[in-house]
Amino acid sequence: MQKPLLPKDCQLRPAIATDIGSIRRLVWSARLDPTQIRWSQFWVIEQHQTVIACGQLRVFPDAQELGSLVVKLTHQGQGLGTLLAQHLIEQASQPLYLECLGQRLCQYYQRMGFQIVEWQALPQGLKRKFGLSRIAKTLFRVPVEFMYYA
């Protein structure tokens, strides 16, 4: 997959403490889990001093998780999510995992090199984190997948 180009009026940078409000708003707007937001683990794309995209590399003892990847609705379809995801993949220093909901999102990450893995194959720290998702998948057939970057 070819890496999209960052528009000239945008900047990709590590998040700073003052970005936390913008990050929270983006995460909430996408209805993602807001409980594990740590601004210091985020990268953002900024345009005219406004955060328009964010993504987090959560750190666990034996792995990392790509999470909270959100592009502001008005900026979707420009390749910013792909650019940010690829940047986070490059920044990862441990085995990289994610959980995603739905077939379309799963296919999106597969094009980037992620593969579906069974819950049993996850590192221990991620098994704890993804435990509720596993229950939802098993009992209620929620279409959640656990993925590993190969």
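# Close-up views of a predicted model

View 1. Residues are numbered from 1 along each chain as its sequence is written, and side-chain values use heavy atoms, with hydrogens and water left out. Helices (H or I, at least four residues) and strands (E, at least two) are DSSP runs, numbered from the N terminus. Strands β3 and β4 run antiparallel and are joined by seven bridges; two strands pair if DSSP finds at least two bridges between them. The hairpin that β3 and β4 form has two residues between them. β2 and β3 also pair in the antiparallel sense, over six bridges, and here E46 stands opposite V51 in β3. In the hairpin of β2 and β3, also with two residues between the strands, H48 takes a positive phi near 50°. Nine of the 11 residues of β3 are buried, so β3 is largely enclosed by the rest of the structure (buried means under 20% relative accessible area, exposed over 50%, partly exposed in between, with a 1.4 Å probe and protein chains only).

**View 2. The largest nonpolar core, with 24 residues.** A nonpolar core is a set of buried Ala, Val, Leu, Ile, Met, Phe, Trp, Tyr and Cys residues joined through side-chain atoms within 4.5 Å. The residues with the most contacts inside this core are I45, L66, Y109 and F114. At least two core residues each come from β2 (42-47), β3 (50-60), β4 (63-71), α2 (80-91), β5 (96-101) and α3 (103-111). The largest share, six residues, is from α2. L26, V27, V44 and C54 belong to a second, separate core of 11 residues.

**View 3. Helix α2 between β4 and β5.** β4 and β5 pair in the parallel sense over two bridges, and Q64 has L96 of β5 as its bridge partner. The chain crosses from β4 through α2 to β5 in a right-handed β-α-β crossover (with the strands pointing away from the viewer, the path from the first strand over the helix to the second runs clockwise). Of the 12 residues of α2, 10 are buried, so the helix is largely enclosed by the rest of the structure. Among the buried residues are L80, L84, H87 and I89. β5 is also joined to β7 (residues 144-149), which runs antiparallel to it, by five bridges; the bridge partner of Y97 in β7 is Y148.

**View 4. R13 in strand β1 (residues 10-14).** R13 is buried, with a relative accessible area of 11%. Its side chain makes a polar contact with the side chain of D19 (2.7 Å). A polar contact is a pair of N or O atoms within 3.5 Å; within protein, one must be able to donate a hydrogen and the other to accept it, and residues adjacent in sequence count only if both atoms are side-chain atoms. Leaving out residues up to four places away in sequence, R13 touches D19, W43, V44, E46 and V51.

**View 5. Q94 in the loop between α2 and β5.** Q94 counts as partly exposed, at 24% relative accessibility. A polar atom of the Q94 side chain lies 3.2 Å from the backbone nitrogen of A63.

Terms used
Predicted model: local features only at pLDDT ≥ 70, side-chain atom pairs only at ≥ 80, totals over all residues. Contact = heavy atoms within 4.5 Å.
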